[in-house]
Amino acid sequence: MNLNPNLFNNKTRLSRILHEEADATNQISQELLNLLPTGKLQPIVFVCIGTDRSTGDSLGPLVGTLLQEKSELGTSSFHVYGTLDDPIHAMNLQEKLDEIKKIHVNAFIVGIDACLGKLKSVGIVQIGKGPVKPGAGVNKDLPAVGHAHITGIVNVSGFMEFMVLQNTRLNLVLKMAKTIAEGINEAQRRYPAKPAITPFTWSFKKEKTL
C-alpha cells in the first residue's frame, strides 16, 4: 500500500483515470499498452501486492484473482502473481520477487498496489513508469516493485493510515479491482503476439561417392 500519488518522480508521466468513467477500461488498456515493451521476446509479469486481511489493502490480490480467472492469460506472455489464495505482502515480498526473477528471465514487471491520497482523488486509478513502493503508507521499508505501476487510490491519507485501510469500503475496492482487471485483460488481447520463431534448417551438400 502506498501513502499517496506523489511518491514518484514529478517528471514521470502519470495517467489518472477515474474507475467509474464510461471508458475507464479502455483508457487503462491503452495507457498500459503505451508502457509495455514491443518488438522483442519479453515476459510481462503483474505483481499484485496486498492482503485480504485489510479491505483497503486487498486491491492488489483482488486484481490478481480476477486476472487469474481469465484462462487466456495462461496462454499469453502475461503472467500474474499475488492473489487472494496466494497473496504477496510485506512478509514474503522479497522472496516472491526472487522467485519471479528466476522463473521469468528479463521480465517486464508491472507492480499493482493500493494507495492513499487526497479525498478528491479517491477512486482514481494511476498508471505510470517506474516502480511502486509497497508499505510506504504504513512506514514499512520494502523493496520497490516494477518497471511500471498501477495503483488505485482507495482512501484518504494523513491520519492513522493503518486504521483508514482497515475501514475502507470493500465495495469501492472491488469495483476498482474489476475495472483494473478488465483493462489489463483488454490490453492482453491487444498486445502484439510473440513473433513466430522460424525453425533453422541445416543444409548439407551431398558427398560424391567414388
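**Close-up views of the predicted model**

**View A. R190 pairs with E186 in helix α5.** R190 has a relative accessible area of 38% and is therefore partly exposed; buried means under 20% relative accessible area, exposed over 50%, and partly exposed in between (1.4 Å probe, protein chains only). The model is predicted: local features need pLDDT of at least 70 and side-chain atom pairs count only at pLDDT 80 or more, while totals for chains, interfaces and linings use all residues. Residues are numbered from 1 along each chain as its sequence is written, and side-chain values use heavy atoms, with hydrogens and water left out. The closest N and O atoms of the salt bridge between R190 and E186 are 3.4 Å apart; the term stands for a side-chain nitrogen of Lys or Arg within 4 Å of a carboxyl oxygen of Asp or Glu. Because the two residues are four places apart in α5, about one helical turn separates R190 from E186. E186 is buried, at 18% relative accessible area.

View B. Helices (H or I, at least four residues) and strands (E, at least two) are DSSP runs, numbered from the N terminus. D86 is partly exposed at 40% relative accessibility, and K96 is buried at 15%. A search of the whole structure finds two salt bridges.

**View C. Six strands make an open sheet with mixed pairing.** The strand order is β1-β5-β6-β4-β2-β3; strands pair if DSSP finds at least two bridges between them. The edges are β1 (14-18) and β3 (78-81), each of which pairs on one side only. Direction ignored, neighbouring strands are turned by 20° against each other on average. Strand β2 (residues 44-48) runs parallel to β3 and is joined to β3 by four bridges. I44 has F78 of β3 as its bridge partner. Helix α5 (residues 170-190) packs on the sheet and touches β2, β3, β4 (108-117), β5 (124-129) and β6 (148-156). The direction of α5 makes about 165° with that of β6; axes are lines fitted to C-alpha atoms, for helices over the stretch in contact, and angles run from 0 to 180 degrees between N-to-C directions.

**View D. R13 lies in the segment before β1.** R13 is exposed, with 55% relative accessibility. Neighbours within four places in sequence aside, R13 is in contact (heavy atoms within 4.5 Å) with E31, I127, G128 and K129.

**View E. N106 has a positive phi.** The phi angle of N106, a residue other than glycine, is near 55°. N106 sits in the loop between α3 and β4 and counts as exposed, at 54% relative accessibility.

**View F. F159, M160, F162 and M163 make a nonpolar surface patch.** The patch area is about 470 Å². Patches are made of residues with over 30% relative accessible area and no salt bridge, like charges being joined within 9 Å and nonpolar side chains (Val, Leu, Ile, Met, Phe, Trp, Tyr) within 5 Å. Areas come from the Shrake-Rupley method with a 1.4 Å probe; for residues, only the protein chains shown count as cover. M163 lies in helix α4 (residues 161-166) and is partly exposed, at 41% relative accessible area.
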